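Grab a pencil and open the viewer. Here are some exercises, each with a worked solution.

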Amino acid sequence: MPLVAGSAKSGLGIDALQEVIHSFIPGNKSGTKILEEFGTRPKGGVKFSARAPFLGWAFAERTVNGDHMLEVRILDGTLKPNSQMKVLFGAPSAASEVAPTRMLGYGLQGRLDVLLSAGPGDVVLVPVPAEVRIQDRRGLILADRKLSFSSSSSEPAVGGDFAAGVVAAAPCVYALRMEALKPKEQEKLVSAIKVILRDEDGLCFEEDKRTGEKRLRFMGPLHMELVQERLAEEFHVLQLSLGPPRIGYFATPRASTTALAEHKSGGKTNIRKGIVHEKIGHTDAWAKVELAPGERNSGITVLEPAPCLLGRSAGVARGLANGLRAGLEMGTLGGLPVTDVTVRLKEAEVENEELAFLAAEAAVARALQLAATDVSVLEPYVQVQVDVPSAYLDGIVKDLEKRHGEIWGTQPSEGDAKLVLAEVPLKDMQNYAGDLQKLTDGNGFFTTTAQVYRELDSVRERQILQQQTAAVPH
C-alpha cells in the first residue's frame with residue numbers, strides 16, 4: 001500500500017495523492033451500476049465470479065513505455081494475456097476485437113509488474129491499438145469475445161446518476177444551494193466549478209432539467225474538502241453551500257386512458273374600435289393516443305402504432321414517434337414526472353413531420369391530464385450490500401430496519417465478516433456512509449447494486465401529491 005504525505009493547504013503532494021486514489025481506488029461504482037450507465041447488460045447477468053466470462057470497465061488511458069494502454073477494472077471473470085476480447089461502446093469497428101499479449105498490475109511501491117491473471121475487483125493495464133479511445137466519462141466496456149449483450153430495457157431506465165431527477169445512492173452527492181447568492185456570485189461559482197472539472201476526473205457536476213437543481217458528486221469527504229480549498233484559494237469562492245439532493249418521486253397511471261388532441265393554425269386576433277375580435281384557426285392536424293400502465297421499472301415505452309397507421313412516410317412516422325416520447329418525457333401526472341407507462345398511437349391525420357410531432361405531443365398531454373385523477377406514486381429504492389465484521393451485524397440490521405429497509409438476508413464474506421443484503425428507500429440512505437462508519441468504528445463499507453421503484457402507501461401518496469400541487473405556481 002503506497003504512503004503519500006504532503007500539504008493540502010500548499011498543494012504539496014496532492015498530485016501524487018490523486019494518482020494513488022485514481023490507480024488504487026478507481027471509484028465506488030458497482031459493476032451493475034456501471035452497466036446501467038451504458039444501458040446494457042450481459043445475457044445471464046453479472047455473477048462476480050472468477051469462473052464467469054470476462055467483463056471489464058476501462059475508466060482511463062495511459063502511455064507506458066510508448067504503448068497505449070487502458071486502465072481496466074475487472075467486473076467479472078478472469079483476464080489473462082492473449083485473452084480474446086471485444087471493445088464495446090465507442091471503439092471503431094476496425095479495433096472492436098483485441099487480444100492483449102501482456103497485462104500489467106500495480107505492485108509494491110506503486111510500480112507496474114507483469115501479471116499472469118487477474119480477477120473481479122482487480123485493476124490492470126492492458127495494451128490496445130492507438131485508435132481505441134475513451135470518448136466520454138463512461139469509459140469503455142471490454143468483454144469476452146463470445147459474451148452476448150442485451151439492452152437493459154426498451155428505453156433507458158428511469159434513474160441513473162442524475163437522470164429525470166433521481167439521485168443515485170452515492171455517499172457524496174450534494175445539491176448546490178445558490179439561492180442566497182447574487183446572480184454574479186452564482187455565475188462566478190459555476191464558472192469556477194467548470195474550470196476545476198477539467199482536471200478533476202472524480203468530480204461530477206450535473207443539472208436536473210426538470211427541477212433546475214444543480215448537483216455535485218465527489219469521490220468522498222476528503223475529495224470534497226480539497227475541492228472547497230481550491231475554490232477558496234484559486235477562485236476566492238469562500239462559500240460552497242451544499243445540501244441533500246431532492247429525492248425524485250415518479251407517478252404512473254393506474255388505468256388506461258384514450259385522448260384526442262387537435263393542432264390549429266391560422267388564428268388571428270384583431271382589435272377594432274377597442275374591441276378584440278378573435279378568429280379561430282382551422283384544424284390542420286390531429287392525433288389520438290392510448291396511455292396505459294407499464295410494467296414496474298420499465299420506464300417509458302412507445303409501442304408500435306395501430307396497423308392502419310403503418311406505411312406513413314419516414315418523416316411523418318418519425319415526427320409522430322418523437323412527439324409521443326417528448327410528451328411523456330416532459331409531461332407530468334399530478335405534478336410528478338412520468339414512468340412505467342406505455343403509449344400507442346391509435347389514429348392520426350397529419351401532413352408533415354412538424355405537424356405530426358405537435359399533434360402527437362398534444363394528444364399525450366391531454367391523456368396525462370385525464371389520467372391525473374388516478375395515479376400511483378413511486379418512490380426510488382436501492383438494493384444495498386453492507387459488509388461488516390460479525391460483531392456489528394445486529395446493530396447494522398437494526399439500523400437498516402429503522403431506515404424502513406427490508407432485510408433479504410446475510411451471506412458469509414471474507415474472514416469473520418458478514419454481508420447484509422437489503423432494499424432501502426433512497427431518501428433514508430442520506431448520510432449513510434458516515435453513519436455506517438460510526439456504527440462499525442470505521443470497519444464497514446457498503447455498495448448499491450440497483451435502483452428500483454416501489455408504490456407508496458395511500459397516506460404517503462396523498463402527502464406527496466399535495467406537496468406537488470402546492471409547489472405548482474398558480
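The exercises below go from the whole chain down to single residues, and the model you are looking at is predicted.

**Exercise 1. Get the overall picture: how many helices and strands are there, and what share of the residues is buried?**

Start with the secondary structure: the chain has nine helices and 27 strands. Next, check burial: 43% of the 474 residues count as buried. Finally, look at who touches whom. Take the contacts between residues at least 6 apart in sequence, and 73% of them join residues at least 24 apart.

**Exercise 2. Work out how H5 and H6 are arranged: roughly parallel or roughly antiparallel?**

A packed pair of helices is described by the angle between the axes and the distance between them. Step one is to find the two helices: H5 covers residues 314-330 and H6 covers residues 353-371. Step two is the geometry, an angle of about 30° with the axes 7 Å apart. Angles under 35 degrees count as roughly parallel, so H5 and H6 are roughly parallel to each other. Step three is the hand: H5 and H6 cross in a right-handed way.

Now for the residues. On the H5 side, the contact includes Gly 315, Gly 319, Gly 323 and Gly 327, along with Leu 320, Leu 324 and Leu 328. H6 brings Glu 353, Ala 356, Phe 357, Ala 360, Glu 361, Val 364 and Leu 368. Sorted by class, that contact has ten nonpolar, five polar and three charged residues.

**Exercise 3. Which class does the Trp 57 and Phe 59 ring pair fall into?**

The structure holds four aromatic pairs. For Trp 57 and Phe 59, the ring centres are 5.5 Å apart and the planes are at 45°, so this pair is tilted. As for burial, Trp 57 and Phe 59 are both buried.

**Exercise 4. Look at Asn 297 and Asp 340: what are their phi values, and is each one buried or partly exposed?**

Take Asn 297 first. Its phi is near 65°, a positive value in a residue other than glycine. Asn 297 lies in the loop between strand E19 (282-293) and strand E20 (300-302). With 30% relative accessibility, Asn 297 counts as partly exposed.

Then take Asp 340. This residue isn't a glycine either, yet its phi is positive, at about 50°. You'll find Asp 340 in the loop between strand E22 (336-337) and strand E23 (341-349). Buried means under 20% relative accessible area, so Asp 340, at 1%, counts as buried.

Notes: Residues numbered from 1 in each chain as written. Predicted model: local features only at pLDDT ≥ 70, side-chain atom pairs only at ≥ 80, totals over all residues. Heavy atoms only, no water. Helix = DSSP H or I, 4+ residues; strand = E, 2+ residues; numbered from the N terminus. Buried < 20%, exposed > 50% of the residue type's maximum accessible area, 1.4 Å probe, protein only. Axes fitted to C-alpha atoms, helices over the stretch in contact; angles between N-to-C directions. Parallel < 35°, antiparallel > 145°, perpendicular 65-115°, else oblique. Left-handed = near helix turned anticlockwise from the far one by under 90°. Contact = heavy atoms within 4.5 Å. Nonpolar A, V, L, I, M, F, W, Y, C, P; charged D, E, K, R; others polar. Phe/Tyr/Trp six-rings, centres within 6.5 Å; stacked < 30°, edge-to-face > 60°.
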